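Reader: Hi! I have a protein model open and would like to walk through a few spots in it. Could you help me out?

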Amino acid sequence: MKIAVEGCMHGDLDNVYATLLHLQDVEKIKIDLLICCGDFQAVRNKKDLESLNVPHKYRTMNSFWKYYSGEKVAPFPTIFIGGNHEASNYMWELYYGGWAAPQIYFLGYAGVIKFGNIRIGGLSGIYKSNHYGLGHFEKLPYNERDIRSIYHVREYDVHKLKQVEEPIDIFLSHDWPVGITDHGDVKSLLRKKPFFEEEIREGTLGSKPAAELLELLRPSYWFSAHLHCKFAALVQHGEDGPTTKFLSLDKCLPGRNFLQVIEIESEPGPHELQYDEEWLAITRKFNSILPLTKRRANYSDARFDIRECRNFVRNKLKLRGAKPFNFVRTVPCHNASQPSANDAFSGHCRNPQTEALLQLLELEYLLDGTSGSRELSGGSTSSSFNYSSEDIPIDDVNDVDDPDEAGDGDSENEQT
């Protein structure tokens with residue numbers, strides 16, 4: 001199986017797909033799957049731009065809306081995770097994963113899916129320590145703080161991924177696992193990105209939860225993006241343990257290393273996307289404690305037995321099949337000939353894919369947040385849950401054209 005891996009998409013689907021089609025033609029190969037490591041920017045209409053945390057000059061429609069509307073169809077099955085520049089209102093509709101457009105599948109805030117016999121897991125967002133222990137407290141309509149925190153990785157989603165026991169072939173994260181630079185050519189990296197040196201020395205370049213998942217899951221491949229450079233590493237797990245091949249790629253721009261094709265052993269095709277039985281069992285076990293306020297999840301309240309969940313899911317998939325539920329449009333799409341039309345919808349949409357998955361698993365729909373509020377329920381708010389100055393970094397008021405040139409490769413406000 002030939003899999004194309006792409007770094008930060010930034011909504012430029014037309015150019016990425018055109019590049020891959022050209023590569024297929026020149027190299028006489030067939031690409032089976034495209035994987036994108038975040039900042040996908042699945043913007044359907046102008047209303048979606050309001051939940052996209054980028055400076056106003058970057059708030060453009062780009063090309064995803066053409067694939068959402070059906071004007072174009074992705075030439076390859078595409079799987080993506082979220083980064084720190086996403087249409088967060090749409091991603092929340094598909095919290096558990098689902099088709100963002102025909103042939104284009106969002107892996108969810110955390111998730112595992114199968115493509116053929118290849119098992120692909122992923123974690124959306126970036127790590128910020130001051131939000132990690134909180135629940136998903138952000139509610140539509142998002143305020144200026146919400147759009148800067150909603151994509152921050154939460155402990156609850158990482159905890160679910162830590163329950164995965166069966167082998168993972170490919171894992172995706174937007175930011176790098178902290179410490180990954182110890183396993184590659186860091187001198188070459190620092191020649192390209194000298195401003196990384198202090199963070200590397202202090203052990204703060206990257207995500208601590210991602211590093212924990214790397215050590216625990218030990219996937220064959222780990223792909224990332226976010227820092228706008230190509231970097232490869234090889235992680236040896238223990239003296240005689242397996243190895244993980246790590247690769248981070250750049251953003252989609254001319255002359256940048258934003259694409260790589262790898263070949264991975266697999267069963268003969270045709271390959272289809274399918275739900276992962278173990279992951280659905282984990283989802284069933286922990287869904288009732290999905291935290292929707294600033295209070296962290298109480299994992300002892302997850303009362304389902306995981307073995308019973310696994311048997312339940314196995315029986316359900318035998319009856320229904322494992323293919324994900326079909327794509328459904330939930331809001332009006334951007335109309336290029338009438339730029340202001342059909343963009344007025346706001347509020348939370350119950351995506352039929354999400355509803356159907358929860359019905360299959362016999363779980364309650366919680367995503368519209370009717371059971372919680374922005375504050376802690378039933379008591380005063382501890383100071384540890386209050387916003388601090390860290391919630392809106394100073395970089396958020398700067399309007400630098402390219403953070404790579406500005407020497408701030410980890411500015412979440414810019415197009416990183």
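Author: Happy to! Let's start with a term: buried means under 20% relative accessible area, exposed means over 50%, and partly exposed is in between (1.4 Å probe, protein chains only). This is a predicted model, where local features need pLDDT of at least 70 and side-chain atom pairs count only at pLDDT 80 or more, while totals for chains, interfaces and linings use all residues. Residues are numbered from 1 along each chain as its sequence is written, and side-chain values use heavy atoms, with hydrogens and water left out.

Reader: Great. Is Asp39 buried or exposed?

Author: Asp39 counts as buried because its relative accessible area is 0%. Its phi is near 50°, a positive value in a residue other than glycine. Most residues other than glycine have a negative phi, and most peptide bonds are trans.

Reader: Where does Asp39 sit?

Author: In the loop between β2 (33-36) and α2 (46-49). Helices (H or I, at least four residues) and strands (E, at least two) are DSSP runs, numbered from the N terminus.

Reader: And what is the phi of Gln103?

Author: Near 75°, again positive in a non-glycine residue. Gln103 lies in the loop between β4 (98-101) and β5 (104-106), and it is partly exposed because its relative accessibility is 31%.

Reader: Switching to cysteines, how many disulfides are there?

Author: Zero, taking a disulfide as a pair of cysteine sulfur atoms within 2.5 Å. For Cys37, the nearest cysteine sulfur belongs to Cys36, 6.3 Å away. Cys37 is buried, with 0% relative accessibility.

Reader: Last one: what does Gly369 contact beyond its neighbours within four places in sequence?

Author: Lys139 and Leu292, where contact means heavy atoms within 4.5 Å. The peptide bond from Leu140 to Pro141 is cis, with omega near -5°.
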